[in-house]
Amino acid sequence: MTSTKKQTQVRLEEDVLAAGRAAAASRRLDFNKYVERLIIEDTTGARAAGMAAAQRLIDEHGTYLDDLEQQLDAPYAEPQPGVAA
């Protein structure tokens, strides 16, 4: 059985390659599959659709999320000078 996939060579800076390998590993993908997925997401509009959905979430619920984050962080905030503990 022959593969329909074509081989290519990509030259990357060492730190970019390391970041790509780490990102692939965190998604449990081999590096080639990770690069393939990035290209597909970029060329099909899937990435743009995801980014647009994320922006809508922030636009609609950003204030609520900011308030929630402040509430969750409050117990760990350092006391301010002059404020009784």
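**View 1. Lining of the largest pocket, with five nonpolar, three polar and four charged residues.** In this classification Ala, Val, Leu, Ile, Met, Phe, Trp, Tyr, Cys and Pro count as nonpolar, Asp, Glu, Lys and Arg as charged, and the others, Gly among them, as polar. The model is predicted: local features need pLDDT of at least 70 and side-chain atom pairs count only at pLDDT 80 or more, while totals for chains, interfaces and linings use all residues. Residues are numbered from 1 along each chain as its sequence is written, and side-chain values use heavy atoms, with hydrogens and water left out. The lining consists of Lys5, Lys6, Gln7, Thr8, Val10, Leu12, Phe31, Asn32, Lys33, Val35, Glu36 and Ile39. The space in this pocket is about 410 Å³. A pocket is an open set of points on a 1 Å grid over the protein atoms alone, where a 1.4 Å probe fits, with protein on both sides within 12 Å along at least five of seven lines; lining residues have an atom within 4 Å of a point. Grid points are joined across faces, edges and corners, and the volume is the space filled by probe spheres set on the points.

**View 2. Salt bridge between Glu36 and Lys5.** The closest N and O atoms of Glu36 and Lys5 are 3.5 Å apart. This pair links distant parts of the chain, with Glu36 in helix H2 and Lys5 in the segment before H1, 31 residues apart. Helices (H or I, at least four residues) and strands (E, at least two) are DSSP runs, numbered from the N terminus. Glu36 is partly exposed at 28% relative accessible area, whereas Lys5 is exposed at 58%. Buried means under 20% relative accessible area, exposed over 50%, and partly exposed in between (1.4 Å probe, protein chains only).

**View 3. Salt bridge between Glu36 and Lys33.** Here the closest N and O atoms are 3.6 Å apart. Glu36 and Lys33 are three residues apart in helix H2, so about one helical turn separates them. Lys33 is partly exposed, with 37% relative accessibility. Through shared partners, salt bridges join Lys5, Lys33 and Glu36 into one network. The whole structure contains two salt bridges, each defined as a side-chain nitrogen of Lys or Arg within 4 Å of a carboxyl oxygen of Asp or Glu.

**View 4. Arg28 in the loop between helices H1 and H2.** Helix H1 covers 14–26 and helix H2 covers 31–44. Arg28 is not a glycine, yet its phi is positive, about 60 degrees. Most residues other than glycine have a negative phi. Arg28 is exposed, with a relative accessible area of 79%. From Arg28 to Glu13 the C-alpha to C-alpha separation is 22 Å in space and 15 residues in sequence.

**View 5. Glu14 in helix H1.** Glu14 is exposed, at 71% relative accessibility. Glu14 and Met51 lie 37 residues apart in sequence and 28 Å apart in space, C-alpha to C-alpha.

View 6. Along the sequence the pattern is α-α-α. The protein chain is more spread out than a compact globule, because its radius of gyration is 22 Å, well over the 12 Å that the globule rule gives for 85 residues. The radius is taken over C-alpha atoms, and the rule is 2.2 Å times the number of residues to the power 0.38. The C-alpha trace spans about 75 × 30 × 25 Å along its principal axes. Of the 85 residues in the protein chain, 7% are buried.
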